[in-house]
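Subject: Structure handover

Hello,

Here is the structure you asked for.

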Amino acid sequence: MADVLVVVDHVEGSVRKPTLELLTVARRLGTPVAVALGAGAAQTVEVLAGHGASRILVSEAGEYADFLVVPKVDALHQAVKRVDPVAVLTVSSGENKEIAARLALRLESGVITDAVDVEAGDEGPVAVQSAFAASYTTRSRVNRGIPVITVKPNSAPVEPAAAAGAVEELAVEFSPAARGTRVVSRSARESTGRPELTEAAIVVSGGRGLGSGENFALIEALADALGAAVGASRAAVDAGWYPHAHQVGQTGKSVSPQLYIASGISGAIQHRAGMQTSKTIVAINKDAEAPIFDLADYGIVGDLHTVVPQLTEEINKRKA
């Protein structure tokens with residue numbers, strides 16, 4: 001079978017869940033070959049081999065942390081030359097989309113972003129995307145060269161599959177441009193104990209209907225009861241009620257959880273663009289004409305200040 005190059009998303013050797021989902025997708029297309037870059041890359045081997053990676057290319061050069069984007073593009077370009085894959089898959093994120101676009105340019109091929117699935121096709125991999133507030137599903141493929149495809153988290157299940165996991169050192173020759181932009185400082189993000197927003201299986205979001213930042217405590221309580229991440233609409237973020245890092249939408253983060261609960265969110269198109277691929281959508285809003293109900297699988301017309309606490313209480317009772 002043809003090889004499929006999977007870019008590993010990890011933090012100091014701890015492989016993140018969306019990468020394991022990518023390995024599931026890659027096995028539908030061919031034989032997964034993983035490439036792990038940065039500090040701790042060698043520590044990813046056991047997990048990757050346990051989820052289907054037949055080969056693992058490893059490079060722990062300091063340039064990946066010290067400089068922005070280009071060192072990773074250099075490494076992936078050289079990995080593609082070594083492997084000659086039928087496709088390159090990476091997790092959809094702001095940084096990875098930039099890397100994917102730069103890599104596709106070097107390969108003189110094409111890039112497809114925010115796929116929710118990738119299927120095997122007679123003429124190459126076919127990327128499935130959701131468009132126009134999930135009103136349409138599109139299927140597209142790159143018709144020249146090796147396609148570079150970014151896939152949204154939660155687009156596929158994590159399926160363990162033992163493989164050889166042969167480790168190969170990837171000796172990267174960095175281009176002059178690789179050292180063009182240096183990272184001068186980093187600050188750790190304060191942990192909330194909740195899942196990462198873009199990776200969470202359940203997301204509970206609040207909007208303008210909450211009325212104040214203090215009322216986000218209702219959203220947080222429901223999220224904690226469900227083991228969910230907390231999201232916010234642009235209106236809530238612009239009002240200063242919740243940090244921008246939690247904004248869901250066209251100008252925030254795109255999420256694709258199994259369950260998305262929208263509380264006090266009207267459903268403006270820019271918000272829908274960031275959550276339209278959620279598997280099940282529940283809307284809570286006192287306005288029965290709110291656009292969010294057009295997208296929702298289940299809707300509750302009512303005051304969220306009453307509904308959300310009752311929902312949280314009932315969930316906690318069932319858990320007990």
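α4 and α5 are oblique to each other, a word used for angles that are not under 35 degrees (roughly parallel), over 145 (roughly antiparallel) or 65 to 115 (roughly perpendicular). Their axes come within 9 Å and cross at roughly 50°. Axes here are lines fitted to C-alpha atoms, for helices over the stretch in contact, with angles running from 0 to 180 degrees between N-to-C directions. Helices (H or I, at least four residues) and strands (E, at least two) are DSSP runs numbered from the N terminus.

This is a predicted model, in which local features need pLDDT of at least 70 and side-chain atom pairs count only at pLDDT 80 or more, while totals for chains, interfaces and linings use all residues. Residues are numbered from 1 along each chain as its sequence is written, and side-chain values use heavy atoms, with hydrogens and water left out.

On the α4 side, Val70, Lys72, Val73, Asp74, Leu76, His77 and Val80 are in contact with Glu95, Ile99, Arg102, Leu103, Arg106 and Leu107 of α5, contact meaning heavy atoms within 4.5 Å. Seven of these residues are nonpolar, one is polar and five are charged. The classes are nonpolar (Ala, Val, Leu, Ile, Met, Phe, Trp, Tyr, Cys and Pro), charged (Asp, Glu, Lys and Arg) and polar (the others, Gly among them).

Helices α6 (residues 216–226) and α10 (residues 304–319) have axes that come within 9 Å and cross at roughly 25°, so the two are roughly parallel to each other. α6 passes α10 in a left-handed crossing. Their contact includes Leu218 and Leu222 from α6, and Val308 and Ile315 from α10. By class, the contact of α6 with α10 has ten nonpolar, three polar and two charged residues.

The largest pocket holds about 1700 Å³ of space. It has 49 lining residues, and Asp9, Arg16, Lys72, Ser93 and Glu95 are the closest to its centre. α5 gives the largest share of the lining, seven residues.

On a 1 Å grid over the protein atoms alone, a pocket is an open set of points with protein on both sides within 12 Å along at least five of seven lines; a cavity is a set where a 1.4 Å probe fits but cannot get out, and lining residues have an atom within 4 Å of a point. Points are joined across faces, edges and corners, and a volume is the space filled by probe spheres set on them.

There is one cavity of 30 Å³ or more. Helix α1 (residues 17–29) supplies four residues, the largest share of the lining of the largest cavity.

Regards

Note on methods:
Left-handed = near helix turned anticlockwise from the far one by under 90°.
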